[in-house]
Amino acid sequence: MSNTNIDWQQIHRDAMVVDMHAHPSLKVSLFNRILTARLQASRSFDPFSIHTDFNSLKKGGVDLLLSAAYAPEHGILQECKYIKALKYLMPRKWKKVYGRPYFDVAMEMLDIMENAVSAAVDDESGEPIATMITSVTELEAFLQQEKDRPIGIIHNMEGAHCLEGKIDNLDKFFQRGVAYMTLAHFYANEAVHPCFPYPESVQKVGCFKGDRNLVLGLTTFGEEVIEKMIELGMILDITHCTPMARCRIYDIVGQRAPIIASHVGAYAVNPNPYNLRNEEIKKISDSGGVTAVIFMNYWLMPHATNRGLNFISRTIEHFIHAGGIDHVAIGTDFDGFTDRPDDLPNAAELPRLTQRLIADGYSVPHIRKILGENVLRVLKQGWKKKI
Ligand SMILES: [Zn+2]
């Protein structure tokens with residue numbers, strides 16, 4: 001038995017680890033969380049705690065994080081009385097988040113992340129803890145550096161509502177360094193219709209009672225947005241879109257640009273329209289893109305258990321079965337108010353995934369692809385921002 005002493009921690013450390021989708025800026029903006037605070041993240045559901053602070057990312061060996069900027073949608077206010085109460089409890093914060101155009105809030109989310117990154121300096125050495133990467137040229141320079149480099153942060157945008165129906169706004173986000181945009185989110189926007197986004201448990205407490213019409217799809221503006229994204233070289237994320245919209249996107253884009261699903265599960269494992277069917281996973285592969293597994297129990301599994309790592313493993317296996325080893329990735333959605341797996345609740349615990357993948361029988365080169373190399377390929381191919 002030559003492989004009884006596999007140094008899984010070393011394998012994890014040596015790999016490029018990329019989280020395709022997480023929301024640290026949301027916690028900074030809503031709850032004034034500081035990304036350099038050395039707090040032990042809570043394991044239980046605690047909406048105020050943070051799971052992708054720089055300390056946890058470092059501990060978890062994360063090299064690169066694609067940080068989602070999200071302007072909270074106004075529909076949330078109509079559908080949840082608790083959030084509506086914020087208007088009276090935190091009037092200034094409410095006005096900042098809900099009292100202004102989506103585009104302005106989204107731009108400010110980018111500022112918030114950039115400010116958090118520039119403020120993150122090691123107390124002792126004075127060296128930066130994190131660094132913004134706003135173009136492919138910067139990404140390539142980053143990859144040339146030694147492993148003890150700062151954590152790389154790349155912007156992405158969640159929900160085309162932030163465009164406010166104006167195609168020119170896409171260009172403004174692109175110039176700021178937004179590498180990909182998720183077209184849909186919780187509510188219908190000018191471009192596309194979404195799937196139902198919440199666990200039933202959230203509905204039980206009297207929030208988000210509304211339904212979503214799954215046979216609605218992409219709008220004419222949505223088609224225009226897609227063409228503009230391909231022209232610019234901003235990567236297109238189909239997560240949250242209705243199955244109808246997704247099918248149309250695969251048809252329109254074909255193999256002209258890599259399509260991604262940045263935080264999803266597999267329909268074959270958990271049959272929910274949010275999750276992708278085998279033929280969709282294959283279409284994403286054919287486009288040169290990746291399908292990234294979400295670390296959220298609700299989408300991963302068809303029955304209630306908090307042992308999410310089993311389902312992360314099963315979903316990865318399925319993505320590979322349907323789309324191939326070169327087209328799978330991870331997109332945790334940490335800090336997006338998700339129900340996190342008990343056995344992999346924050347970025348600091350990510351080495352446990354590598355441990356599990358070894359136990360599942362994957363080779364080291366395959367593990368490295370899953371953990372980050374596939375995403376790097378997609379970024380180099382699909383993100384056309386040079387400077
Ligand atoms: Zn999302």
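The structure is a predicted model, in which local features need pLDDT of at least 70 and side-chain atom pairs count only at pLDDT 80 or more, while totals for chains, interfaces and linings use all residues. Residues are numbered from 1 along each chain as its sequence is written.

The protein has 18 helices and 9 strands; helices (H or I, at least four residues) and strands (E, at least two) are DSSP runs, numbered from the N terminus. Its C-alpha trace spans about 60 × 50 × 45 Å along the principal axes. Of the 387 residues, 47% count as buried, meaning that 20 or more other C-beta atoms, placed from the backbone, lie within 10 Å of the residue's own.

Strand β4 (residues 151–158) is largely enclosed by the rest of the structure, because 8 of its 8 residues are buried. Both faces are covered: Ile151, Ile153, His155 and Met157 are buried on one side, and Gly152, Ile154, Asn156 and Glu158 on the other.

Strands count as paired if DSSP finds at least two bridges between them. Strand β2 (residues 64–69) pairs with β4 in the parallel sense over 6 bridges, and leucine 65 has isoleucine 153 as its bridge partner in β4. Strand β3 (residues 130–132) also pairs with β4 in the parallel sense, over 3 bridges; here isoleucine 153 is the bridge partner of methionine 132. Strand β5 (residues 178–182) runs parallel to β4 and is joined to it by 4 bridges, with histidine 155 opposite valine 178.

Conventions:
Buried ≥ 20, exposed ≤ 12 C-beta atoms within 10 Å, placed from the backbone.
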